[in-house]
Amino acid sequence: MVGWVDEWWLRLLAGLVGSGLIAGAAYRTRSLSGSGAWSAMIMGTGFVTLGEPVWFGCLIAFFVSSTIWSKWKKRHRAKAAAEANYEKTGRRDAGQVWANGGIGLLLCAGNALWPDTAWLFAYIGVMAAVNADTWATEIGALSRTAPRSITTGKRVKPGTSGAVTPLGTLAALAGAAFIGGVATALLALPQQAAAAAGSAPGGAAAVVIAAAAAGLAGCFADSLFGATGQAMYRCRVCGSETERAVHCGTAAERVRGLAALNNDRVNLLSSVFAGLLGLAIGALF
């Protein structure tokens with residue numbers, strides 16, 4: 001494999017050190033739980049060992065930007081109200097880490113074994129989708145406009161699965177385009193030019209279009225899955241509808257959706273959809 005560093009063991013060492021430092025810092029600032037930190041270190045090491053800068057650079061861009069938005073928004077009461085019934089909030093655990101980056105790591109490994117630009121377009125779609133969904137969740141919760149259900153168009157309470165707002169939609173588009181911009185910048189690095197998937201047909205425009213379109217579509221797919229198939233519960237104590245199987249310290253009653261389809265699996269499915277769309281867009285160029 002030809003790339004930014006030819007020796008695999010140097011990549012592995014760099015990945016362990018770099019990912020360990022980032023994961024450790026994220027754990028200390030309560031952005032990651034213990035399981036999340038270990039998972040992030042393993043995942044980051046895999047990306048650095050197997051991929052070029054564009055692969056692990058997009059992952060870092062997603063994590064850093066999403067963490068910044070999350071920390072900034074904690075100052076707002078609107079966030080607490082919207083997140084009260086989310087299945088997971090605050091520190092990302094192992095399930096969230098792998099749901100957001102696991103498919104990307106598989107694509108990175110595929111490209112390392114059988115280099116092809118198609119892998120890269122699929123990866124950009126995946127990372128654009130998870131970034132779009134995170135930005136939409138973090139920023140959309142601050143919307144002064146009541147969210148509407150993606151399936152019925154009716155107004156719903158903030159934090160309802162499948163709810164969308166104009167602000168959240170704009171944030172999703174910005175988050176997806178941001179990944180496209182990061183990927184474009186990294187693909188322009190001199191050392192990247194030597195990589196097997198180091199340049200994309202259609203140039204920067206193709207990368208940004210793939211990221212924006214696949215990312216936004218993946219975010220909407222996430223909302224649709226959340227509104228239809230994701231398991232939702234009703235608290236037996238306070239009566240709230242929630243994503244949590246346990247609420248107010250008591251097992252909640254499932255009122256709709258599939259028990260096996262939780263928030264992490266919804267994120268995984270939507271990222272797969274976005275990856276396929278990114279792949280299809282890349283094929284057009």
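Modeller: The structure holds four aromatic pairs. Rings of Phe, Tyr and Trp (for Trp, its six-membered ring) pair if their centres lie within 6.5 Å; planes under 30 degrees apart count as stacked, over 60 as edge-to-face and the rest as tilted. This is a predicted model, in which local features need pLDDT of at least 70 and side-chain atom pairs count only at pLDDT 80 or more, while totals for chains, interfaces and linings use all residues. Residues are numbered from 1 along each chain as its sequence is written, and side-chain values use heavy atoms, with hydrogens and water left out.

One of the four pairs is formed by Phe47 and Tyr123. This pair is tilted, with 5.7 Å centre to centre and 45° between the planes. Phe47 lies in helix H2 (residues 34-50) and Tyr123 in helix H6 (residues 117-140), so the pair ties together parts that are 76 residues apart in sequence. Helices here are DSSP runs (H or I, at least four residues), numbered from the N terminus. Phe47 is buried at 0% relative accessibility, and Tyr123 is buried at 0% as well; buried means under 20% relative accessible area, exposed over 50% and partly exposed in between, with a 1.4 Å probe and protein chains only.

Trp69 and Trp135 form an edge-to-face pair, at 5.8 Å centre to centre and 70° between the planes. Because Trp69 belongs to helix H3 (residues 53-73) and Trp135 to helix H6, this pair ties together parts 66 residues apart in sequence. Trp69 is partly exposed, at 27% relative accessible area, whereas Trp135 is buried, at 10%.

How values were computed
Helix = DSSP H or I, 4+ residues; strand = E, 2+ residues; numbered from the N terminus.
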